[in-house]
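Open the model in your viewer and keep a selection panel at hand.

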Amino acid sequence: MTLLRRAAALLVALPPLRNRQRGEEVDKLDEPVKRAVDAANANDIDAFLASFTDDGVVDDWGREFRGAERIRGWSDNEFIGKQVALTVQTIRKHGDETTITAQVGGNGYTGPSHFTFRVEGDRVSRMTIRA
């Protein structure tokens with residue numbers, strides 16, 4: 001079998017890209033966290049912002065961005081604006097917080113990260129990012 005045919009066979013055997021980006025674990029997330037992760041993977045900034053409370057916060061390594069306008073600015077420069085792709089690998093729940101370990105891909109930071117989501121009602125009030 002030629003190298004080209006082997007490569008084509010491998011591509012056909014891979015699951016769809018959308019499922020690989022999301023990770024199989026994402027379906028086990030609480031709905032508010034799932035909406036935020038799905039919106040990030042769809043690179044849909046409006047849906048991502050809608051997943052947060054009005055005074056929601058993103059804490060990216062100690063830098064805090066509060067409210068839709070500031071979260072949008074951060075995301076445009078460092079997250080969705082960099083075509084982020086999160087592959088959820090593990091989920092831990094503790095009280096009103098859910099921490100996911102995800103492999104981050106895209107055109108910005110790439111590598112493993114922990115995202116801790118605090119939920120209030122049906123939306124995320126805080127997303128904290130650490131290594």
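**Aromatic rings**

Select Phe79: at 5% relative accessibility this residue counts as buried (under 20% relative accessible area; exposed is over 50% and partly exposed in between, with a 1.4 Å probe and protein chains only). The model is predicted, so local features need pLDDT of at least 70 and side-chain atom pairs count only at pLDDT 80 or more, while totals for chains, interfaces and linings use all residues. Residues are numbered from 1 along each chain as its sequence is written, and side-chain values use heavy atoms, with hydrogens and water left out.

For another of them, show Phe48 with Phe79: with centres 5.5 Å apart and planes at 45 degrees, the pair is tilted. Phe48 sits in helix H4 (residues 45-50) and Phe79 in the loop between helix H5 (67-78) and strand E3 (85-94), so the contact ties together parts that are 31 residues apart in sequence. Helices (H or I, at least four residues) and strands (E, at least two) are DSSP runs, numbered from the N terminus. Phe48 is buried too, at a relative accessible area of 1%. Now select the whole cluster that ring pairs link: Phe48, Phe52, Phe65, Trp74, Phe79 and Phe115.

**Charged side chains**

Ten salt bridges are counted, each a side-chain nitrogen of Lys or Arg within 4 Å of a carboxyl oxygen of Asp or Glu. Select Arg72 and Asp46, whose closest N and O atoms are 3.0 Å apart in a salt bridge. Arg72 belongs to helix H5 and Asp46 to helix H4, so the pair ties together parts that are 26 residues apart in sequence. Arg72 is partly exposed, at 32% relative accessibility.

Next, pick Glu64 and Arg126, which meet in a salt bridge at 2.5 Å, N to O. Glu64 lies in strand E2 (residues 63-66) and Arg126 in strand E6 (residues 123-130), so this bridge ties together parts that are 62 residues apart in sequence.

Conventions: Phe/Tyr/Trp six-rings, centres within 6.5 Å; stacked < 30°, edge-to-face > 60°.
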